[in-house]
Amino acid sequence: MSKRAVYPGSFDPITNGHLDIIQRALTVFDHVIVAVAYNKDKQTGLFTPEERVSMIRDVTKELDGRISIDSFHGLLVDYTRRVGAGTIIRGLRAVADFEYEFQMTLMNRHLAGDVETVFLMADEAHFFTSSRLVKEVVSFGGDISGLVPESVHRRLRQKLSA
Ligand code: ADP
């Protein structure tokens, strides 16, 4: 039986840290659905959900067939069941991630005991990479090469200098 997992997040935008988690997830699962979570009542973040999906698609072409890219709103556990996956993947960086992830995992378990959450750790090179920080650094003209794929870097520069 093929093992499918959902990797949810804001991905605003996708970074090399996210890509590292996707690649690791594919060593454990047969198929990974990268799912951009958005709020349909209010636009949050720098990029629209469509732009985020298109950037992810762009930088994961070589994984075609083993991953799908999607977006969703509403409860993550409902989405996970709807797409026939039994597992949620999350990435962990510093201890700072732990509290939030712990609360979210227990809430999801309360809502859907059959959906398991699995945590993966990225390479230490991505330890300080976050979508929030790369946006901040680019907005002040700082260098983020190596932290996001080149096409994402370009889109960030366009968006933040507009
Ligand atoms: P969210 O807004 O749901 O936290 P993000 O897009 O920021 O979504 O992140 C999605 C997931 O990827 C989260 O579990 C986050 O901890 C993880 N993640 C993000 N960046 C990294 C990184 N550099 N290394 C490891 N995990 C990461």
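# Chatting through the fold and a few residues

Colleague: Hi! How many helices and strands does the protein have?
Modeller: Hello! There are six helices and five strands in the protein, and keep in mind that this is a predicted model.

Colleague: Thanks. What pattern do they follow along the sequence?
Modeller: Reading along the sequence gives β-α-β-α-β-α-β-α-β-α-α.

Colleague: What about the radius of gyration of the protein?
Modeller: The protein has 15 Å. A compact globule with 162 residues would have a radius of gyration near 15 Å, so the value agrees.

Colleague: And what does the C-alpha trace span along its principal axes?
Modeller: About 45 × 30 × 30 Å.

Colleague: Fine. What share of the residues is buried?
Modeller: Buried residues make up 44% of the 162. The protein exposes about 9,000 Å², and carbon and sulfur atoms supply 54% of that area.

Colleague: What about contacts: how much comes from residues 24 or more positions apart?
Modeller: Among contacts with a separation of 6 or more, such residues account for 75%.

Colleague: Switching to charges, how many positive and negative side chains are there?
Modeller: There are 20 positive and 21 negative side chains, with the centres of the two sets 4 Å apart.

Colleague: Now aromatics, please. How many aromatic pairs does the structure hold?
Modeller: It holds three aromatic pairs. One of them is Tyr 7 with Phe 11: the ring centres are 5.2 Å apart and the planes stand at 85 degrees, so the pair is edge-to-face.

Colleague: Are Tyr 7 and Phe 11 buried or exposed?
Modeller: Tyr 7 and Phe 11 are both buried.

Colleague: How are the rings of Phe 98 and Phe 102 arranged?
Modeller: Their centres lie 5.3 Å apart and their planes are at 15 degrees, so this pair is stacked. Both residues lie in helix 4 (residues 95-111), four residues apart, about one turn of the helix.

Colleague: While we're in helix 4, is Asp 97 buried or exposed?
Modeller: Asp 97, which is found in helix 4, counts as buried at 15% relative accessibility. Not counting residues up to four places away in sequence, Asp 97 touches Gly 91 and Leu 92.

Colleague: Last one: which residues is Ser 130 in contact with, leaving aside its neighbours within four places in sequence?
Modeller: Ser 130 is in contact with Thr 15 and Arg 93. Ser 130 lies in the loop between strand 5 and helix 5, and Ser 130 is buried, with a relative accessible area of 15%.

Note on methods. Residues are numbered from 1 along each chain as its sequence is written. This is a predicted model: local features need pLDDT of at least 70, side-chain atom pairs count only at pLDDT 80 or more; totals for chains, interfaces and linings use all residues. Side-chain values use heavy atoms; hydrogens and water are left out. Helices (H or I, at least four residues) and strands (E, at least two) are DSSP runs, numbered from the N terminus. The radius of gyration is taken over C-alpha atoms; the globule rule is 2.2 Å times the number of residues to the power 0.38. Buried means under 20% relative accessible area, exposed over 50%, partly exposed in between (1.4 Å probe, protein chains only). Contact means heavy atoms within 4.5 Å. Accessible areas come from the Shrake-Rupley method with a 1.4 Å probe; for residues, only the protein chains shown count as cover. Lys and Arg count as positive and Asp and Glu as negative; His and the chain ends are not counted. The place of a charge is taken as NZ of Lys, CZ of Arg, CG of Asp or CD of Glu. Rings of Phe, Tyr and Trp (its six-membered ring) pair if their centres lie within 6.5 Å; planes under 30 degrees apart count as stacked, over 60 as edge-to-face and the rest as tilted.
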